[in-house]
Amino acid sequence: MKSSLIAVGLATACLLSSYANAQPSDPKSWCQSKYGPHDEIGAANLLGPELTMNAAKLIKTGKTYSLGVETNSKTPAFGPRSWALAINQPGQVGGVGLGHTKTNYNDDIYMGYVGTGTQIDGLGHIGVDNVYYNCNKNSEFVQANGLTKLGIEKIPNIVTRGIVLDMAAHYGKDVVPEGTAFNRKEIDEVAAKQGIEIRKGDVVLFHTGWLSLVGKDDKRYISGEPGLGKEGAEYLASKDVIAVGADTWGVEAIPFEPGVGIFEVHQILIPKNGIFILENINTAELARDRAYEFMFVLGHSKMTGGVQSIINPTAIR
């Protein structure tokens, strides 16, 4: 954990060094949702029976892939995020069983940041100068005991076509170097090489090999990452995708591209376009099997007023 905290400090220093380049834009020019003034689910409005049925047609073998990773107190995470688990046996001090059948049971208490491990970032996670998706202002909906708008519970289950772009294969590396940005050129090249196209309503995942560093070089893992560039984020938004994910902790390229603000890719996707972000997605087996398109299924814990949720999505091909 100490090495992770040191690495986080390095990452934070990197972020702050580019702060001068990040200029908030006029919210009037970007914050209104195309789904109406009361919308709270963004790109999830695209979900429906047609996307589900089309995704089901991709199932040829019935093989399933768990896209979540195992999470524990040693999992490297951004910033101050930490994680702990406590197991207790209520009313059973000393090993005493309950009733004449001597029933025993264990309960668990989770203590930590939800934004650790495999997660979905909701629309209340990222803002631009205190303005969030659909012009919701920080002072109007962010409360210490939960968001009053844009809560994670609002997001419906996501069932649609998923694709994975194998960037590791594209660059001929097991692990794509940190700071490598994927923009329109790279996205189109890999999609063409794999014989797939990005469609409206897709979930787009990137495989970089970065997740393989966890447990081997946590300091490097959390200090930077390859990922989506600013132009690439704008390109995917123009394609009307529902979510973007990767086998990295932050999805976007870090160190940031020259002139790109702190987590500006997050800002483009979430508050400006209502597109969800999926982090620490286990894409290794998909890439190994060249399972480039599949049925994507995601359900999440609907914690009222939550910002993020721990997830374990499933790919079926």
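**Cavities**

Three cavities of 30 Å³ or more are found when the whole structure is searched. On a 1 Å grid over the protein atoms alone, a cavity is a set of points where a 1.4 Å probe fits but cannot get out, and lining residues have an atom within 4 Å of a point. The model is predicted: local features need pLDDT of at least 70 and side-chain atom pairs count only at pLDDT 80 or more, while totals for chains, interfaces and linings use all residues. Residues are numbered from 1 along each chain as its sequence is written, and side-chain values use heavy atoms, with hydrogens and water left out.

The second largest cavity has a volume of about 40 Å³, a volume being the space filled by probe spheres set on the grid points, which are joined across faces, edges and corners. Among its lining residues are Pro76, Phe78, Arg81, Thr116, Gly117 and Trp249.

**Aromatic pairs**

The whole structure contains nine aromatic pairs; rings of Phe, Tyr and Trp (its six-membered ring) pair if their centres lie within 6.5 Å, and planes under 30 degrees apart count as stacked, over 60 as edge-to-face and the rest as tilted. Trp249 and Phe263 form an edge-to-face pair, 6.5 Å centre to centre with 75 degrees between the planes. Both residues lie in the loop between E13 and H8, 14 residues apart; helices (H or I, at least four residues) and strands (E, at least two) are DSSP runs, numbered from the N terminus.

Trp249 and Phe263 are both buried, that is, under 20% relative accessible area with a 1.4 Å probe and protein chains only, whereas exposed means over 50% and partly exposed in between. Ring pairs also join Phe78, Trp249, Phe256 and Phe263 into a cluster.

**A pocket and Thr75**

The second largest pocket holds about 180 Å³ of space. A pocket is an open set of points with protein on both sides within 12 Å along at least five of seven lines. Of the 15 residues that line this pocket, Glu70, Thr75, Pro76, Leu211 and Val214 lie nearest its centre.

Thr75 belongs to the loop between strand E1 (64-66) and strand E2 (83-88). Thr75 counts as buried because its relative accessibility is 15%. A polar atom of its side chain lies 2.9 Å from the backbone nitrogen of Asn72. Leaving aside residues up to four places away in sequence, Thr75 touches Glu70, Thr116 and Gly117, where contact means heavy atoms within 4.5 Å.

Key:
A polar contact is a pair of N or O atoms within 3.5 Å; within protein, one must be able to donate a hydrogen and the other to accept it, and residues adjacent in sequence count only if both atoms are side-chain atoms.
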